Amino acid sequence: VGGGNVVPGAAGLPLSRFAWLVVWFAGRRLGRDLQATSPLNAIGLISPRPVLLIHGANDPLVPRADQQAIYAACGDPKDLWQVAGMGHREAHEKFRAEYIARVIGFFNQHIKE
């Protein structure tokens, strides 16, 4: 989303107020309860595979407390980069070089030949 925190064309209304509605409609369309398949419920099943989480610290869709809860639910090995000032899916655009370095560094650290 453009500014990361408003719905485009909706008179600047906060995106976080509509996130539940988006999840509800997406669930209806997919025929699934998306809350039951939330990352928090599934992330622990990934272990012992490495997990790198990259979140915007100002993400209106995944609040900081949820980011911390998802990270805490991960098994090891894991890493979390909370990108200051960023919203949802903005870090790779605004901090491209650091984003690439962190992802490649994580792969190099955890993927053995």
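Analyst: This is a predicted model. Its largest pocket is lined by 20 residues, and nearest the centre lie Val 23, Gln 35, Pro 39, Leu 61 and Val 62. The elements that each give two or more residues to this lining are α1 (19–30), α2 (39–42), β1 (51–56) and α3 (64–73). The pocket has a volume of about 640 Å³.

User: What kinds of residues make up the lining of the largest pocket?

Analyst: The lining divides into 14 nonpolar residues, five polar and one charged.

User: Why is Gln 82 called buried?

Analyst: Gln 82, in strand β2 (residues 78–83), has a relative accessible area of 19%. Buried means under 20%, so the term applies.

User: What makes the link between the side chains of Gln 82 and Gln 67 a polar contact?

Analyst: The two side chains are 2.8 Å apart at this contact, and the cut-off for such a pair of N or O atoms is within 3.5 Å.

User: Why is the pair of Trp 24 and Phe 25 called edge-to-face?

Analyst: There are two aromatic pairs in the structure. In the pair of Trp 24 and Phe 25, the planes stand at 75 degrees, with 4.9 Å centre to centre.

User: How do you know that the pair of Trp 81 and Tyr 99 is tilted?

Analyst: Its planes are 50 degrees apart, and the distance is 6.5 Å centre to centre. Stacked requires under 30 degrees and edge-to-face over 60, so this pair is tilted. Trp 81 lies in strand β2 and Tyr 99 in helix α5 (residues 96–110), so the pair ties together parts 18 residues apart in sequence.

How values were computed
Residues are numbered from 1 along each chain as its sequence is written. This is a predicted model: local features need pLDDT of at least 70, side-chain atom pairs count only at pLDDT 80 or more; totals for chains, interfaces and linings use all residues. Side-chain values use heavy atoms; hydrogens and water are left out. On a 1 Å grid over the protein atoms alone, a cavity is a set of points where a 1.4 Å probe fits but cannot get out, and a pocket is an open set with protein on both sides within 12 Å along at least five of seven lines; lining residues have an atom within 4 Å of a point. Grid points are joined across faces, edges and corners, and a volume is the space filled by probe spheres set on the points. Helices (H or I, at least four residues) and strands (E, at least two) are DSSP runs, numbered from the N terminus. Ala, Val, Leu, Ile, Met, Phe, Trp, Tyr, Cys and Pro count as nonpolar, Asp, Glu, Lys and Arg as charged, and the others, Gly among them, as polar. Buried means under 20% relative accessible area, exposed over 50%, partly exposed in between (1.4 Å probe, protein chains only). A polar contact is a pair of N or O atoms within 3.5 Å; within protein, one must be able to donate a hydrogen and the other to accept it, and residues adjacent in sequence count only if both atoms are side-chain atoms. Rings of Phe, Tyr and Trp (its six-membered ring) pair if their centres lie within 6.5 Å; planes under 30 degrees apart count as stacked, over 60 as edge-to-face and the rest as tilted.
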